[in-house]
Amino acid sequence: MGEYGQPEPGWPRPLAEGLPVPWIAPVIGDRVAWAALNAARLREAEQDWLCQVCGFYLGSAPTAWIAVSQGEVAAGGAMHKKCMLRAGAWCPELRDMSYVFTEVVQSERDSGWEAVFARLEAHEDQHGQLPRFLPLPVMHNTTCTTPRTRMSR
């Protein structure tokens, strides 16, 4: 644990009660307030585009992931893919099947996640249901228009 007893950023996560402690979870004394969020860390994660699970910068990856349920982004902020998969396995709240994990880019946050909700709605309209995980559509640009392939030996 770091300053003021709060978990430091990074991996592996410290354990409490046999569970990894997310970077954004408030630690009071030697207890984790599992159902709460550290307000200062929440602001820091939102302002600096940090992962709520590990506390590291999200901009080092091309995309991040958020949890959405009933038309709202779950409190806590975005996560790296690895962190999202682990949070979905550890966190009782996120194991709730009403959550959809959707891939995002930072600029979507600045528009109130409108593009995210539009993608979810379009997927539901096309398939009649929401997926558990919704990756970003494959983007084609002028610098990379062909998929990578395994080289033959």
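**Gln 70 and the loop**

I started with Gln 70, which sits in the loop between E5 and E6. Strands here are DSSP runs of E with at least two residues, helices are runs of H or I with at least four residues, and both are numbered from the N terminus. Gln 70 has a positive phi of about 50° although it is not a glycine. Is Gln 70 buried or exposed? With 75% relative accessibility, Gln 70 counts as exposed; I take buried as under 20% relative accessible area, exposed as over 50%, and partly exposed as in between, with a 1.4 Å probe and protein chains only.

**Ground rules**

This is a predicted model, so local features need pLDDT of at least 70 and side-chain atom pairs count only at pLDDT 80 or more, while totals for chains, interfaces and linings use all residues. Residues are numbered from 1 along each chain as its sequence is written, and side-chain values use heavy atoms, with hydrogens and water left out.

I found Trp 49 in the loop between helix H1 (39–48) and E5. Trp 49 has 5% relative accessibility and counts as buried.

Then I checked the peptide bonds. The one from Trp 11 to Pro 12 is cis, with omega near -5°. Pro 12 belongs to the segment before strand E1 (15–16).

**The whole chain**

I counted up the elements: 5 helices and 8 strands. Read from the N terminus, they go β-β-β-β-α-β-β-α-α-β-α-α-β. Of the 153 residues, 37% are buried. I also looked at contacts, meaning heavy atoms within 4.5 Å. Among those with a separation of 6 or more, 50% are between residues 24 or more positions apart. The protein exposes about 9800 Å², and carbon and sulfur atoms supply 54% of that; the areas come from the Shrake-Rupley method with a 1.4 Å probe, and for residues only the protein chains shown count as cover.

**The sheet**

Next I traced the open sheet of 4 strands, in the order E6-E5-E7-E8, with mixed pairing. Two strands pair if DSSP finds at least two bridges between them. Strand E6 (72–73) and strand E8 (133–134) are at the edges with a single partner strand each, so one side of each has no neighbour in the sheet. Strand E5 (residues 64–69) and strand E7 (residues 100–104) run antiparallel and are joined by 5 bridges. Across that pairing, Trp 65 stands opposite Glu 103 in E7.

Which helix packs on the sheet? Helix H5 (residues 114–127) does, touching E5, E6, E7 and E8. The direction of H5 makes about 125° with that of E7; axes are lines fitted to C-alpha atoms, for helices over the stretch in contact, and angles run from 0 to 180 degrees between N-to-C directions.

**Arg 119**

I followed Arg 119 because it is buried, at 15% relative accessible area. Arg 119 lies in helix H5. A polar atom of its side chain is 2.8 Å from the backbone oxygen of Glu 103. Leaving out residues up to four places away in sequence, Arg 119 touches Thr 102, Glu 103, Val 104, Glu 108, Leu 134, Leu 136 and Pro 137.

**Aromatic pairs**

I found 2 aromatic pairs in the structure. Rings of Phe, Tyr and Trp (its six-membered ring) pair if their centres lie within 6.5 Å; planes under 30 degrees apart are stacked, over 60 edge-to-face, and the rest tilted. Trp 11 and Trp 90 have ring centres 6.0 Å apart and planes at 50°, so that pair is tilted. Trp 11 is in the segment before E1 and Trp 90 is in helix H2, 79 residues apart. Trp 11 is partly exposed at 28%, and Trp 90 is partly exposed at 26%.

Phe 101 and Phe 133 have ring centres 5.6 Å apart and planes at 20°, so I logged this pair as stacked. The pair links strand E7 and strand E8, 32 residues apart. Phe 101 is buried at 1% relative accessible area, whereas Phe 133 counts as partly exposed at 38%.

**Gly 88**

Last, Gly 88, which is in helix H2 (residues 81–90) and is buried at 15% relative accessibility. Beyond its neighbours within four places in sequence, Gly 88 is in contact with Leu 94, Arg 95 and Phe 101. I also noted Ala 67, 21 residues from Gly 88 in sequence and 9.2 Å away in space, C-alpha to C-alpha.

Methods: Polar contact = N/O pair within 3.5 Å; in protein donor to acceptor, adjacent residues only side chain to side chain.
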